[in-house]
Amino acid sequence: MDPRKVTELKGFVQLCESNPGILHLPEMGFFRTWLQSMGANIPPPTKKQDSCQGGCPCGPSPSAAPPPEPEPEVPVDPESEESEIEIDDEGVIEPDTDEPQDMGEFESTEITEEMMDQANEKKIEAINALGEGDLQKALDLFTEAIKLNPRLAILYAKRASVYIKMQKPNAAIRDCNRAISINPDSALPYKWRGKAHRLLGHWEEAAKDLATACKLDYDEDASALLKEVQPKANKILEHRRKYERKREEKEIKEKQERIKKAREEHARAQREEEARQFGGGFFPGPSGFPGGAPGGMPGLGELFTDPELLNAMKDPEVMAAFQDVAQNPANISKYQSNPKIMALVTKLSAKFGASPQP
């Protein structure tokens, strides 16, 4: 055996001993496969800086500065973004938690003319009590009127106005909901429901109801309140749109990162497969090595510094041909007329001190 090539092989083994990480290079896949088939234990890859930096293909030159580590991204909590908005809550009160008020027998009551007349009388009495400032009496009278005629929307709207004065917005909302279900074209329940939402700090709902009330029947009081709540509703809407844009941008970025990672994983797997195939018997001689034995690996250091060979390993046509020959060495005869394949075979044979097999 050529002493020079034995020296090269010895130097390569010493290099692997000093830096086992070189065995994990993609182009060393074939060598790893052979070592493992012989029962060798290969150390796992390490991120530590070894003495071979600058002295072998596994690291940069000593003068090259290590790449800066990317700063970890601080995850943004969507809830914290949503809470950034500040709204002036002056005039907002705690919600009332009383039991739901008596809404009358809406479905089953048969209303007579006499009952309607009595309900109207109770309504007038309630309005008078309201004018005198007796809120509880007005509330009781409106409730009696509702029991007599539970299908009259105005009675619920009027009682809702009393609940607003009593600072009970949730009760007012229940009355307005019933009034709107009976007569959705009446402006009054929208007005009082808008005021109830304003007391609760429901700015968007308040703006919507007050705008509807003014559209159905313009009211200066409702219009003035709408001018107060609309800017706050707009601020919330704009904040929500901004939040949605940020969330969409984040989702797009995460999707792009996933695609990038998948492509990198695919490329890595492809490189490893090519290296495995390249080392699985693409060289002349038995077992894929010259001379028919693993010891016949002279010229390995030169092999991995030859740009022509490394580029050829990336050629799909060349890799397909070598895989074919690896499965059946006799198939090399099929490529005798292919100058690209035979030129590479001749070069490999020359490096390994063997002749191309016919």
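A residue is called buried when its relative accessible area is under 20%, exposed when over 50%, and partly exposed in between, using a 1.4 Å probe and protein chains only. By that criterion, 13 of the 14 residues of helix α8 are buried, so α8 is largely enclosed by the rest of the structure. The model is a predicted one, in which local features need pLDDT of at least 70 and side-chain atom pairs count only at pLDDT 80 or more, while totals for chains, interfaces and linings use all residues. Residues are numbered from 1 along each chain as its sequence is written, and side-chain values rest on heavy atoms, with hydrogens and water left out.

**Overall architecture**

- The chain contains 14 helices and zero strands; helices (H or I, at least four residues) and strands (E, at least two) are DSSP runs, numbered from the N terminus.
- Of the 358 residues in the chain, 35% are buried.
- The accessible surface of the chain is about 21800 Å², and carbon and sulfur atoms account for 52% of that area; the areas come from the Shrake-Rupley method with a 1.4 Å probe, and for residues only the protein chains shown count as cover.
- Among contacts (heavy atoms within 4.5 Å) with a separation of 6 or more, 61% join residues 24 or more positions apart.

- The buried residues of α9 include W203, A206, D209 and C214.

**Nonpolar cores**

- A nonpolar core is a set of buried Ala, Val, Leu, Ile, Met, Phe, Trp, Tyr and Cys residues joined through side-chain atoms within 4.5 Å.
- The largest core has 18 residues, of which A160, V162, Y163, I164, A172, W192 and A196 touch the most other members.
- Helices α4 (113-131), α5 (135-148), α6 (153-165), α7 (169-182) and α8 each contribute at least two residues to this core.
- Another core, of 12 residues, lies apart from it and includes A321, L344, V345 and L348.
- A196 is in contact with I164, P169, A172 and I173, leaving aside neighbours within four places in sequence.

- R32, in helix α2 (residues 29-37), is buried, with a relative accessible area of 16%.
- Beyond residues up to four places away in sequence, R32 touches L23, H24, L25 and I42; the C-alpha atoms of R32 and I42 are 7.7 Å apart, although 10 residues separate them along the chain.
- N149 occupies the loop between α5 and α6 and is buried, with a relative accessible area of 7%.
- With residues up to four places away in sequence excluded, N149 touches I111, M116, A119 and L155.

**Charges over aromatic rings**

- A charge sits over a ring if NZ of Lys or CZ of Arg is within 6 Å of the ring centre and within 35 degrees of the ring normal.
- R178 lies over the face of F106, at 5.0 Å from the ring centre.
- K232 places its charged end over the ring of W203, 4.1 Å from the centre; W203 is also one of the buried residues of α9.
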